[in-house]
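Morning, everyone. Today I want to talk about pockets. Please look at the screen.

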Amino acid sequence: DPEAATLADRDSNIKWYDQFMPHVAHSHVMQKYRLFGPNMSHSTACASGLIEILSATRALRDGQCDAALVGSGEAVSRMLAAGFHRMGVLAYDEAPEQACRPFDSQRSGFVLGEGAAMFVVERLTHALKRGARIYAQIDSCRCLSEAHHITGLDEKASTLTRLIRDTLTEAGLEPRDVGYVNAHGTATEQNDKVEMRGICNVFGDDTSSYCVSATKSMHGHLLGGAGALEAILGIQAMRHGVIPPTINYETPDPDCDLDYVPNSAREASLRTVMSNSFGFGGHNACLILTTFQNGNETQADD
């Protein structure tokens, strides 16, 4: 087939393109599985995973597709690791298993992780029609730019506070409705303190109705893949009734004083969870998920 031969020759000459363009991987997936909906890739640092979920839900609500394959991942290169090392944000604890200590006063930074997580996000009518197993319902997902600094966070947490409030409002929820917050929790001093300030501004410091944990203490910081993985952990917490802990929490920081589910998982009946992701460049995203209940068919167009 002359046409096939021409395409093969062309493919052999564009291997460089595969190595440098971030959207190429999912373009190959689209071609292999003949997926014709919107095809896009967001380079929004550590908020990428949640922003992909946000993009998919908007495409569904706009009628651009009925279902979408959504997710994010990260592969760590030596150059990437060296860059974070130069910035002074990587943990340096001599005991590797104790290196990542979110919210602990002895924290020294994060540990890089690798991995990916994927979802099928679809309209409820579509999921019910095909008899899909529904793991959770997306109540709201929003993002805001901090417009403050390329790597630094606004210590007043004004943008984060607004983001959390707006996400709750879009979901039609009050702070008391959220039982668990999966924090961005990188174990850097600035991130931990600013995130806790934003959460407290909305939820208050009385943790009798909610708790917060940083699962990065266990799986490391997946950078672009973090948001998608942590959303899955929130879903699993609701499904199994178990809140993941913040490990290596030994010395409380008086400036970050909340219930962090220290060191051991906790059984709890959860209806709603929130997940935060913040990326360099001022990319902030927040997701609220709820357990799917039979009878939600009235919300089929959401």
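How much space lies in the second largest pocket? About 770 Å³. Keep in mind that this is a predicted model.

Let's stay with that pocket. It is lined by 31 residues, and the closest to its centre are V120, E122, A136, Q137 and I138. Several elements give two or more residues to this lining: α4, β2, α6 (124-129), β3 (137-145), α10 (226-240) and β9 (283-290). Which one gives the largest share? That is β2, with 5 residues. Now the classes. The lining of the second largest pocket has 19 nonpolar residues, 4 polar and 8 charged.

How do we find such places? Rolling a probe the size of a water molecule over the atoms shows where empty space is left.

Next, the largest pocket. Its volume is about 1300 Å³. Here 40 residues form the lining. Closest to the centre are H26, S41, E52, G71 and S72. Which elements each supply at least two residues of this lining? They are α3 (24-33), α4 (48-61), β1 (67-74), α5 (78-87) and β2 (115-122). The top contributor is β1, which gives 8 residues. By class, we have 25 nonpolar, 13 polar and 2 charged residues in the lining of the largest pocket.

One last thing to find on the screen: α4 and β2. Both supply at least two residues to the lining of the largest pocket.

Methods
Residues are numbered from 1 along each chain as its sequence is written. This is a predicted model: local features need pLDDT of at least 70, side-chain atom pairs count only at pLDDT 80 or more; totals for chains, interfaces and linings use all residues. Side-chain values use heavy atoms; hydrogens and water are left out. On a 1 Å grid over the protein atoms alone, a cavity is a set of points where a 1.4 Å probe fits but cannot get out, and a pocket is an open set with protein on both sides within 12 Å along at least five of seven lines; lining residues have an atom within 4 Å of a point. Grid points are joined across faces, edges and corners, and a volume is the space filled by probe spheres set on the points. Helices (H or I, at least four residues) and strands (E, at least two) are DSSP runs, numbered from the N terminus. Ala, Val, Leu, Ile, Met, Phe, Trp, Tyr, Cys and Pro count as nonpolar, Asp, Glu, Lys and Arg as charged, and the others, Gly among them, as polar.
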